[in-house]
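User: I'd like to learn how to read a few features in this protein. Could you walk me through them, one at a time?

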Amino acid sequence: MRQHISRRNLLQTLALTGAAAGICLRTASPASAATGSALTVPDLLDATADSDGTKAFTLSMQTGTTEILSGISSATCGFNQAFLGPVIKVSQGDTVRMDITNNLDDVSTVHWHGAHIPPAVDGGPQNTIEAGATFSPSFEINQAACTLWFHPHALGTTSEQVASGLASMIIVDDDTDGAAALPSDYGTDQFPLILQSLPISTAGVIRYTTADELATSTSFPLLVNGANVGVAGTPTLDVDASRIRLHLLNASIADIITITRTDGASITQVATDAALLAAPLSITSLRLVGGERAEICLDVTSGADVTLQATVTAGGARGGSGTSSILTVTSTATSAADDLPSSLNTFTALDVSSPDATRTIALSNSGNTMLINGVAGTTMDAMEAAEIMTTLGATEVWTITNATGLTHSFHLHDVPFQVQSINGAAPTGAYAQWKDTILISPQSTNVIAMQFTDYADNTYGYMLHCHNTVHEDEGMMAMLMVMTD
Ligand code: C2O
Ligand code: CU
Ligand code: CU
């Protein structure tokens, strides 16, 4: 902890000297708060193509300063920029290399959340990148269209580093008819919406622990692609298209965000966090727990603006609350978009009639120590001693029990899963299809099934954990070894 405190002090010092030296701040134009300003659309990160066709992406983890609260400079971190980062767009079948340089003054990792890749390149706590070092994992995009994201995953510092701004999105495309029917021209009719309910002190210091949440000087502004809607106003988006596709990510460390239209009309959901839905799904609200993603389509024509709003509920000891508008879409299109096809994807239920293993994943706590199956995963030794072992190809059924009075966000690396039941009832809507992150209600029992395909390694493991990163750092994390035989 001492190390983190001194790093925080250093960042504050950097922020002050940065401001004093007149370093250009990324501002949220507070003057236009009443009308709102144009949605910040992250740049797409360009790849360089190697001779063998590998797409190489360069990521620098760096520190900077950002104006999150009006007129106050905050010490932040980002990928290739001061806060958050560029979006990476790839296609199924691509081979990619991520050249990551850690320009922080602390050890880190970069995890590709939702990616189905070997554990040696997964970016969990075993893949540490020392300060100043470069790590260049390479892997194939071995999954169909979906919305992934990337963020640090080092032991004990995930919450701090994610809250500081080290988070961005990966959009995976494929060449199926389902994907082709969806808007996919990034920046024209396809946009990321990275949402954060961010704990921050009145002095502008980003916070990331349970004690921080409880501190009375902490507020929880809502950020859309890094812009504080309470300062910059509701982001506006002017398009020519009659249909747009939004890739939503709740990148909050703890809080839960529910999206609705201000006019109460329905929204078309087209993907969960792990895959396109079998068919477009008409919903009136979309709840996202920390780490969870979804894709929606909005049809919008001239004179019929659409405004989305987000209702935030605390996922931690204290947290954000209330409802704010997060996007107003205005279109010049005069004719409505064609109907979406009735089928977008194929969903096949796993055969769970005779699973290779059944397990209980018991979530509990003892004060601020968070446990999985009685163990706090705060060190590699503790996680290795309690590691879950399976074998390549195994189909498993897990019962996740929550003995706590808290809401959790359950996330499994490597493969997506299928929810079998929640408190005995079959899942509905998008929770009945492929998922990699789900909300776990207080005192609930949740049964999920998965199959460990393609990748095994007897040295490197995958993680399963609560994606409330405060809880994750407090120990609610375990290791899964998929063994070669
Ligand atoms: Cu988004 Cu194990 O993480
Ligand atoms: Cu993950
Ligand atoms: Cu939790």
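Analyst: Happy to! A strand here is a DSSP run of E with at least two residues, and strands are numbered from the N terminus. Keep in mind that this is a predicted model.

User: Is Asn102 buried or exposed?

Analyst: Buried means under 20% relative accessible area. Asn102 has 0% relative accessibility, so it counts as buried.

User: Which residues is Asn102 in contact with, leaving aside its neighbours within four places in sequence?

Analyst: Its contacts include Met61, Val107 and Ser108, and also the run Ile129, Glu130, Ala131, Gly132 and Ala133.

User: Now sheets, please. In what order do the strands of the open sheet with β4 and β6 come?

Analyst: The general idea is that strands of a sheet pair through backbone hydrogen bonds, either parallel or antiparallel. In this case 4 strands are ordered β4-β10-β9-β6, with mixed pairing. The edges are β4 (88–91) and β6 (111–113); each has a single partner strand, so one side of each lacks a neighbour in the sheet. On average, neighbouring strands of this sheet are turned by 25° against each other, direction ignored.

User: How many bridges join β6 to β9?

Analyst: There are 3 bridges, and β6 and β9 (residues 146–151) run antiparallel. Look for Trp112, which stands opposite Phe150 in β9.

User: What does the hairpin of β25 and β26 look like?

Analyst: β25 (residues 357–366) and β26 (residues 369–372) pair in the antiparallel sense over 4 bridges. Ser366 has Thr369 in β26 as its bridge partner. The hairpin has 2 residues between the strands, and Gly367 takes a positive phi near 60°.

User: On to the metals. Which residues coordinate the copper ion (ligand 2)?

Analyst: His111 and His411 do, each through NE2, at 1.9 Å. This pair links distant parts of the chain, with His111 in strand β6 and His411 in strand β29, 300 residues apart. His111 counts as buried because its relative accessibility is 1%. His411 is buried too, at 0%.

Conventions. Residues numbered from 1 in each chain as written. Chains lettered and ligands numbered in written order. Predicted model: local features only at pLDDT ≥ 70, side-chain atom pairs only at ≥ 80, totals over all residues. Heavy atoms only, no water. Buried < 20%, exposed > 50% of the residue type's maximum accessible area, 1.4 Å probe, protein only. Contact = heavy atoms within 4.5 Å. Pairing = 2+ DSSP bridges. Axes fitted to C-alpha atoms, helices over the stretch in contact; angles between N-to-C directions. Donors = N, O, S within 2.8 Å, 3.2 Å for Na, K, Ca; no water.
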